Amino acid sequence: MTELLGVELRGVVKRFAQRIVLDGVDLAIEPGRTAALIGPSGGGKSTLLRCINGLTTFDAGEIRVGPHTLGPRGTSSGDGAVAAVRRLFGMIFQDFQLFPHLTALQNILEAPVHVLRLPAREARARGLELLQRVGLADRADAYPRELSGGQQQRVAIARALAMEPRGLLCDEITSALDPELKHEVLRVLDDLRSDGLTLVVVTHELAFARKSADQVFVLAAGRVIESGSPDEIFDHPQNERTQRFLSQVLA
Amino acid sequence: MDDNTRETGRRLAGWLLSFLWLSAASAAAELPPLRWAADAEGGAPYVFKDPDRPGVNIGYEKDLADALSRELQRRIDFTQYQFSSLVPGLERGDFDFAMNGLEVTPDRARAVRFSRPYYIYTLQLVVRADEQRFDSLAGCRSRGGVVGTLEDTAAERLLDELQVRKRIYDGNVEPYQDLELGRIDAVLLDTPIALYYAKRNPRLKFAGAPVGRGTYAIAFRRDNVALAQACDAALQRLLASGKLREIYEQWGLWNSEQEALLHEDGTQSAIRQAEGRWTVRDYLPLLLRGALVTVKITLLSMALAVALGLPLALLRLSRWWPLRMLATVYVEFFRGIPVLLLLFFLYYGLPSLGSRYGLESWFNLSAFVAAVLGFGLNYAAYECEIYRAGIGAISVRQWEAAASLGMPRGLTFRRIILPQAIRIIIPPMTNDFIALFKDTSLVSVIAVVELTKQYQILAKSSMRYFEIGLATAALYLIMSVPLGHLARYLEHRWGRGQ
């Protein structure tokens, strides 16, 4: 078993022009665990996720992913660290972002073949295995537009897994899906927890967070206002804004 | 008589006076000015712009027109007209007569009514001053030399007859220029042109005695008998009075040959060539040869434009502003100047620049290379913008998705962005390809004979504009329509999955 990796944020600040999106975020996600980031819209959840794998720069603080450290914009922790982090953590997007000109299998093979330089035969065998794992073995040659949203998202997960990451960053990956399609995606996610992958999940699916997460962080106005186990957060929220948020969503 | 009546009377007198004055004026203006057409562009010594007074035309034909105006007691107004279009322009009625060193030839004599000849010309071979290889047309031919001349002239026909390799030009200046630059080996043109342009140039010399002999005459519409007769009579008077000789002597054009003008009774004696009967089998091979040149220039220019446009687009999308600036300047410059100007600059401008810095061999482009380069550079600016729009149309989220998989930017561009952009790029690029295909007809200005030029040459010498025009249009369509189909196929192929 490969070494498990945690994620740690210290005092991360992110500004867009004058607006403060992340206002000194501190949090630690334990290696091999599943962390759910919940909270009201505009609280900075997605931005936080994008900062972790370098899609967005930040203005102060630091982010540690395993042995690698990302610094704020303009510091020496350059593309090298970002590239290393991206190798360790894959990312799944709300709107899938499959490559529309490639089939499901080609989407999965693209990075292993051209970045990892895996031999085509080996990559292909692994790609088919992954498709089987997400329940799409029979759709290998379908183009993204021929797949349902849930199927597309499962291909996206398989695509990220093909790079053999230690963790996944999931950015509201079921928000664009019909209710009956959400389950097939969440089921795949549950399945991954048992592999020892560190999952960082931004989600509005509180039921999923409660059932599957090991840690829950509540973000509001750019800060972590409360964190703890699902039981603590959902059954005994201490923070008044957490209580209000939960009562609005669960009402 | 009260004031009122007096006032009316004064008004009446005023009206009467105006009426008389107007009718007198209209009697004087009964004959509108005659419209005379010629090409003053590089037209010395026939008609050309006075180098000291650019607004004024001078030349021996201008003097002749003034003399005719006095003889006919009628104003003659000058109309600028492309030399090679004078005959069709006359038929269209754009002007009343053409006097511009028009040689009396059988083709022309079929289309227009000629006056009696007003000048007897010969043809003069001109070579570079240091030319040792030959001093005659026969010598030039045996050494495979290329001779420059004007389109649709007696000189061109003589070259054809003797099967000498030729290159066709639009103006009088360019052949001598190219001769100096070593692009051609000799120039064969009418004596007046040779006298004016080559005689005083120390880098050129006359080779051998004049050859050929023919006459210039004024061209009228076939049905304009009255004007033709009036002009014949006027020319006769100018000849008899010695006025014509005076004009020619002034321009250094008089020689003993001209004595014969008095005895030239009309036009028919000058026509010695047999009338040709052209069929499709005669002109189709020539059109096809022109089409081949068109295709070659188009393919090579477009290849250059497409190859150059992509790096330009990448520069325009660069994150570093000096690179963006560089590409923007390129695009604005080459998109903003007419390609015609660019062709002239590359072909005629660069060699003079090169000779100043001792780089002749670098800058002395062949006409074909100049054409490909000119269109390639020009269209690269357009293709750059098409690439840029196509690449910009792909969502930035695709870049992010690839980045999150660890794909570097270059790889992402090549494997993810460009293949999607190509589908967007293909239709406008095909449009440009077809537009370029037709734009290449501009290259005749630098003496490349492609399809349109070949059409002009053939149509002019046979006077069959319509029939040969249809054949030419058919050739263009045969080439461009499949291009459109190919584009749709490619679009479909690259659009898989989208």
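The model is predicted. Chain B contains 19 helices and 12 strands, and 38% of its 498 residues are buried. Chain A touches chain B through 22 residues, which meet 17 residues of chain B.

**An open sheet in chain A**

- In chain A, 6 strands form an open sheet with mixed pairing, in the order β6-β7-β8-β3-β9-β10.
- The edges of this sheet are β6 (89-92) and β10 (223-228) of chain A, each of which pairs on one side only.
- On average, and with direction ignored, neighbouring strands of this sheet are turned by 15° against each other.
- Within the sheet, strand β3 (residues 34-38) of chain A runs parallel to strand β9 (residues 215-220) of chain A, and 4 bridges join the two.
- One of the residues in this pairing is A:Ala36, whose bridge partner in β9(A) is A:Val216.
- Helix α1 (residues 45-52) of chain A packs on the sheet and touches β3, β6, β7 (167-171), β8 (198-202) and β9 of chain A.
- The direction of helix α1 of chain A makes about 145° with that of β8(A).

**An open sheet in chain B**

- Chain B has an open sheet of 5 strands, ordered β4-β1-β5-β12-β6, and its pairing is mixed.
- Strands β4 (76-80) and β6 (113-114) of chain B stand at the edges with a single partner strand each, so one side of each has no neighbour in the sheet.
- Strand β1 (residues 34-38) and strand β5 (residues 97-98) of chain B run parallel and are joined by 2 bridges.
- In this pairing, B:Ala37 has B:Ala98 of β5(B) as its bridge partner.

**A β-α-β unit in chain B**

- Strand β8 (residues 146-150) of chain B pairs with β9(B) in the parallel sense over 5 bridges.
- Opposite B:Val147 stands B:Lys166 in β9(B).
- Together with helix α6 (residues 154-161) of chain B, the strands β8(B) and β9(B) make a right-handed β-α-β unit.
- Strand β9 (residues 165-169) of chain B is largely enclosed by the rest of the structure, because 4 of its 5 residues are buried.

**Packing of two helices in chain B**

- In general, two packed helices are described by the angle between their axes and the distance between the axes.
- Helix α2 (residues 60-72) and helix α9 (residues 225-241) of chain B pack at an angle of about 110°, and their axes are 10 Å apart.
- Angles of 65 to 115 degrees count as roughly perpendicular, and α2(B) and α9(B) are therefore roughly perpendicular to each other.
- Helix α2(B) contributes B:Ala67, B:Leu68, B:Glu71 and B:Leu72 to the contact, while α9(B) contributes B:Ala230, B:Cys231, B:Ala234, B:Arg237 and B:Leu238.
- By class, the residues of this contact are 7 nonpolar, no polar and 2 charged.

**Contacts between and within chains**

- The contact between the chains involves 22 residues of chain A and 17 residues of chain B.
- On the side of chain A that touches chain B, the elements giving two or more residues are α2 (79-88), β6 and α3 (104-114) of chain A.
- That side of chain A has 12 nonpolar, 5 polar and 5 charged residues.
- Among the contacts in chain B with a separation of 6 or more, 74% are between residues 24 or more positions apart.

How values were computed. Residues numbered from 1 in each chain as written. Chains lettered and ligands numbered in written order. Predicted model: local features only at pLDDT ≥ 70, side-chain atom pairs only at ≥ 80, totals over all residues. Pairing = 2+ DSSP bridges. Axes fitted to C-alpha atoms, helices over the stretch in contact; angles between N-to-C directions. Parallel < 35°, antiparallel > 145°, perpendicular 65-115°, else oblique. Contact = placed C-beta atoms within 7 Å. Nonpolar A, V, L, I, M, F, W, Y, C, P; charged D, E, K, R; others polar. Buried ≥ 20, exposed ≤ 12 C-beta atoms within 10 Å, placed from the backbone. Right-handed = clockwise from strand over helix to strand, strands pointing away.
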